[in-house]
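Student: I would like to learn how to read a protein model feature by feature. Could you take me through one?

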Amino acid sequence: MTSPNPPRPNLSALGWLLAVPALLGALITLVLPTVQTLWLSFQSGGVMRESAYAGTANYADLLGDGAFWRALGFTLSLTLLPLLVAVVVAPLLALALDRAGAWPRRAGRVVLSLAVVTFSPVAVAGAWTRGLSPESSGLTALAQGLREPGTAPWTLRLIVAAGTFGIVCALAVLAYLPALRGGSAVPATLAVAALVLLATVATGVQTFSIGMVLTRGGPQHATETLAGLQYDYAFRMARFGPGAAVAALSGVILGVLGVVATLVAVLSRLRITLTPRLKPAQGAPELKGGPVPHDPFETPGGPVPHGEAAPYGGAQAPQGVPAFHGSPAAPGGAYGAGTGSPAAPGGAYGAAVGRRTAGTGWVAAGVVALLIFAAAWVLLSWPWIDGVLATPSAPASTLRTHVNTWVPALAGALVSVGVAYLAALGIGGLRPLGRGSEWLLLAFAPWLFVGPGPLGVANWQNARNLGLIDSFPALVPPLLVSVPALLVLTLLCKGLSERSGGDFFGGVLLPSLPMAGILAGAVTLVNAHDLSWPLLVAQQADVHTTPVSQVTRLGSFAGGTPDIGAATPLLVVAVALAALVAAQLLYLDRLAVTTNGSPVRTDAA
């Protein structure tokens, strides 16, 4: 007699195969440049003179010099106010929006999307340079404090906090919202909070653009950051050894943060999945307006992990299974939802924990919280808004500049996220090591938060040796795998795989594909607004990106109005905003982050 359920083929070999491009990409663009940076840190000399082995002299000079410790302390201090936003303000806003129900939460996602797509660090800093003018007034006049060594540090801290308030709060809220949809929201939210905290500190450690535009480390090195100190040593003084030593020490800090973040995700058994779209059960009345259309990203039915439940295909729950409000077994119920019951034949959703409708008080709280955020964001962003509305004395971008900015940024994102997605399908979807497959992420963990800065000295040397300086190909970010995208996509593929019923194509690949596209768009924005790498390889005007062109014009600015809006052209903002809003409402709003196999929650629409 033939079994109705044929054995599932062993796909672990395919899982390993899909991870190979990411492993090779990490080896070429992460491991080797790291080794090269370490080697350079033990050398003396640089561009102007021949290198020679210097042992630990560079480290001894750095660690014995007050400049390094001053830069480290100031760099970490820049993260304090953004940390308060990320771990205090953002969770409260996320909680208010989550409890307020569907329409306030979705309205919040639209507003947060606007804060994400309009942020450009060089443009924000350029807007604040207008405050250095003697006739400046209002909030922008705060920049006057940058002129004196005694007031410059706190002034720059406040400017960084004001300029990044919107983006920090928006990204943090978008991370907390899926955690609140888990059946056990507290553990998931704590795990996400830990990741947000670590990511905020890691980003602060690499702060470069705002300080580079506003103070360049001055006056009298009072606002020197680690990234600025590395740039000064390696490219202003042409001393690769000390510059590489600063990069190596920064890399150690970032590596520790990356390993800790990965351990948090793995040990908490963090996973991301899609919550179901509520549909009428068989034999139940349909929603007003007709049947719900088929969802192309729906997770097909199949075995449900222990402790989870699927809606029932009929209108009556099996005997002994409790009926929850809104389930077919309850009076007037139209949807199935339960806990602790097995998946029923025809179940289409995977896990769900009840249905919750928002009370009037929570709706009001959510709307008020969103209005407060919007008002604070507009107020703190007013220097940038005013700068965008002002007519520039000379444009900082041309069609060629935009091509230099966006084409390499998109190409780099497609490659790095594409390679990460393949590895995520292998590690998270096909599980080559079984339940412990996510431990493979530790191989990439030291570079989870590493941006182009700490590897900039080695990568610049490689680009020069290849003759790529001042060429269009050099503008492509030198990174073949995006480790943050790999982590997110692996957790998503893991969550989808556990509920796919063995259907890899329909249960893992198709539902995770939109997230890969969303992350590719996010990495494109990050690449396009980056200053550190293009500033190193684009010296000639015909290969300038928009951030480099803005910095160049700001450096020679004399009495005119800087072109603040060049980094965020209206067409790009419109396209990015439309895409992100659609992604928020159709896909991201359905994500749920859970820990330790806890079920997810479904809300009334």
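Predicted model: local features only at pLDDT ≥ 70, side-chain atom pairs only at ≥ 80, totals over all residues.

Student: Let's begin with the rings. How many aromatic pairs does the structure hold?

Tutor: There are ten aromatic pairs here. To read one, look at the distance between ring centres and the angle between planes, where an angle over 60 degrees counts as edge-to-face. Take F68 and W69: their centres are 5.3 Å apart and their planes stand at 75°, an edge-to-face pair.

Student: Which parts of the chain does the pair of F240 and W460 link?

Tutor: First the geometry: F240 and W460 are also edge-to-face, with 5.5 Å centre to centre and 80° between the planes. This pair links distant parts of the chain, since F240 belongs to helix α11 (residues 240-267) and W460 to helix α15 (residues 456-465), 220 residues apart. Both F240 and W460 are buried. They also belong to one aromatic cluster, together with F208, Y231 and F235.

Student: And which residue lies over the face of W154?

Tutor: That is R157, at 4.7 Å from the ring centre of W154.

Student: Now a helix. What does the span of α14 tell me?

Tutor: The idea is to compare the end-to-end C-alpha distance with the span expected at 1.5 Å a residue. Helix α14 (residues 399-429) has 31 residues and reaches 42 Å, close to the expected 45 Å. Look also at what comes just after α14: R431 takes a positive phi of about 55°.

Student: How many cavities of 30 Å³ or more does a search of the whole structure find?

Tutor: Five. With a cavity, ask for its volume, then its lining, then the classes of the lining residues. The largest cavity holds about 130 Å³ of space. Its lining has 16 residues, and F119, V124, G163, W377 and S381 lie nearest the centre.

Student: Which helices supply the lining of the largest cavity?

Tutor: At least two residues each come from α6 (121-129), α7 (152-179), α12 (360-380) and α13 (382-389). The largest share, five residues, is from α7. By class, this lining has ten nonpolar, six polar and no charged residues.

Student: What about the second largest cavity?

Tutor: Its volume is about 100 Å³. It is lined by 13 residues, with G211, M212, R216, G217 and G228 closest to the centre. Helices α9 (209-214) and α10 (226-236) each supply at least two lining residues, and α10 has the largest share, four residues. The classes here are three nonpolar, six polar and four charged.

Conventions. Residues numbered from 1 in each chain as written. Heavy atoms only, no water. Phe/Tyr/Trp six-rings, centres within 6.5 Å; stacked < 30°, edge-to-face > 60°. Buried < 20%, exposed > 50% of the residue type's maximum accessible area, 1.4 Å probe, protein only. Lys NZ or Arg CZ within 6 Å of the ring centre and 35° of its normal. Expected span 1.5 Å × (residues − 1). 1 Å grid on protein atoms, 1.4 Å probe; cavity = no way out; pocket = protein on both sides within 12 Å on 5 of 7 lines; lining within 4 Å. Points joined across faces, edges and corners; volume = space filled by probe spheres on them. Nonpolar A, V, L, I, M, F, W, Y, C, P; charged D, E, K, R; others polar.
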